[in-house]
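Please look over the sequence and the model before reading on, and keep both at hand while you follow the text.

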Amino acid sequence: MSLAVASPVRIGRLSIGALGILALALGTLQSVVEPALPQLQRELGVSPSEGALIGNTLLITGAVITPVAGKLGDRYGGKRVLVWLMAVVSAGGLLASVAPDLPVLLLGQILQGVMVGALPLSFILVRKNLPARESQVAIGVVMALFTGGGMVGTLIAGPLSEELSWHWMFALPTIVIIATTLVLMRLMPHDPPVASDDRIDWPGVTLLSGALLAFMIGLVRVTGDGLPPLAVVALILLVAALATAWVVVERRAASPMVDLRMLAKPAMWHSCVLTLVVTTSFGMVAFLLPQLFAISADGYGFGLSTTDIGLFLLPGAIAGAVSDSVGGVVARRLGLRAVLVGGAVVTAATTVTLASLHTAAWQLVLAKALTAIAAGVAGTALLTRAAAAVDTGDTGIATSLLVVTRVIGVALGSQVGGAILDSGADAKTGLPTESAFVTGFVTAGLVAALSLLIVRITKIRSTKIRSTQNGVQA
């Protein structure tokens, strides 16, 4: 009891430093896969669509754990749940660091995905252990370090995987996570649990995870070796059954992981649909570019190493981080409609141009930066609009729904990109043909252009987002 009420500044500042290092290590662990994905595919002997699963399994776990992480922290105490989650992440990182094949690596990625729940728990602990003004600064520092960790992971994946082995790009951040968690266990005061009648929606978590995994694994099998028609039908029915069961559970649950009743608000379902489309298009681009960088320079690719791929992806990572932070400001000044239309036009024009111009590395670097900016600004603007469309007390639920949609969109886009490369692979070499990349870029452009149609149909207003007594309104 005394720990919980002791001087929060004296205890909190040391704890916040440890939380910041933990966020840096988590961001690093989350991002090492993207530049190293072509190398992982080669060394594991898997196809592009199978390789896409490596990153997507982590995203799926993160999507389903995010809405319940805060509830777990309130019920059992933020420090205790954070330590639990870090134990799971550490187990996943260590498993990935010794994985001999794809199934074991995927299991490691699934376990690592719970790292996403560490951010809301960190924010809870910051607010409990620092005064209000200092807690705002500390939350910004933790979030910035997590973002910075993503850039660190992009840079160190190559040197670690090439000089040592790809196992080390999972092992090193995991070692830091374990060490930092032990420090936090000593420094961070225990926060008392908060009594609540809300139940954790474990059935919803399980069904959504199952539906997403079944869909993505099914997509891999259908576009890879192929499946008999009856097996394809069975997969479709399985995904449909899991998705339907999830909707039924969420509508009946007293405390659902995703409150589907909020989708009755036009602003909410408009935002969700547009977020899904925007992030799907970006997910395709984010997957296709490293693959094209890695293709042998003897043909139409660049034959780059993992280190070089990481360096070329870094400007896009920086652009995405900056655009995420300014999306709300841009929407307030220009208006949501202008932001969405502008983002769709930029993405569509960039990807269609890539279909014919992809012979120089700077073209791909510029394309990644432009699409990251467009997706970041649009995604944050839609998140802001969703928060403004509900009562203040429902802001967390609304934003969680948009975050889940955003993660699913990125995962869906990368999986579709992998499926396109698989279906267009050369029969002799097994490598994607240039026409497969062209098809992928054009498809990404068409998906981005679809948001223009959705904006028109849903009649997104051109008025700027303005302040009201309830917050920010579109």
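## The chain as a whole

This is a predicted model, and the protein chain in it contains 17 helices and 2 strands. Of the 474 residues in the protein chain, 52% are buried.

When contacts in the protein chain between residues at least 6 apart in sequence are considered, 81% of them join residues at least 24 apart.

Helix 4 covers residues 48-76, which makes 29 residues, and from its first C-alpha to its last it reaches 41 Å, a value close to the 42 Å expected at 1.5 Å a residue.

How many of the 29 residues of helix 4 are buried? The count is 22, and helix 4 is therefore largely enclosed by the rest of the structure. Just after helix 4 comes Gly-77, which takes a positive phi of about 100 degrees.

Side chains of opposite charge can pair when their charged atoms come close. The structure holds 1 salt bridge, and in it Lys-368 is paired with Glu-34, with the closest N and O atoms 3.2 Å apart. Since Lys-368 belongs to helix 15 (residues 361-388) and Glu-34 to helix 3 (residues 33-44), the pair ties together parts that are 334 residues apart in sequence.

Are the two partners buried or partly exposed? Lys-368 has a relative accessible area of 5%, which is under the 20% cut-off, so Lys-368 counts as buried. Glu-34, on the other hand, has a relative accessible area of 29% and is partly exposed.

## A nonpolar patch on the surface

Which residues form a nonpolar patch on the surface? They are Leu-24, Val-141, Leu-145 and Val-152, and together they have about 250 Å² of accessible area. Helix 8, made of residues 132-163, gives the most to this nonpolar patch, contributing 3 residues.

Val-152 is placed in helix 8, and it is partly exposed, with a relative accessible area of 33%. A residue needs over 30% relative accessible area to be part of a patch, so Val-152, at 33%, passes that cut-off.

Key
Residues are numbered from 1 along each chain as its sequence is written. This is a predicted model: local features need pLDDT of at least 70, side-chain atom pairs count only at pLDDT 80 or more; totals for chains, interfaces and linings use all residues. Side-chain values use heavy atoms; hydrogens and water are left out. Patches are made of residues with over 30% relative accessible area and no salt bridge: like charges are joined within 9 Å, nonpolar side chains (Val, Leu, Ile, Met, Phe, Trp, Tyr) within 5 Å. Accessible areas come from the Shrake-Rupley method with a 1.4 Å probe; for residues, only the protein chains shown count as cover. A salt bridge is a side-chain nitrogen of Lys or Arg within 4 Å of a carboxyl oxygen of Asp or Glu. Helices (H or I, at least four residues) and strands (E, at least two) are DSSP runs, numbered from the N terminus. Buried means under 20% relative accessible area, exposed over 50%, partly exposed in between (1.4 Å probe, protein chains only). Contact means heavy atoms within 4.5 Å. The expected span of a helix is 1.5 Å times one less than its number of residues.
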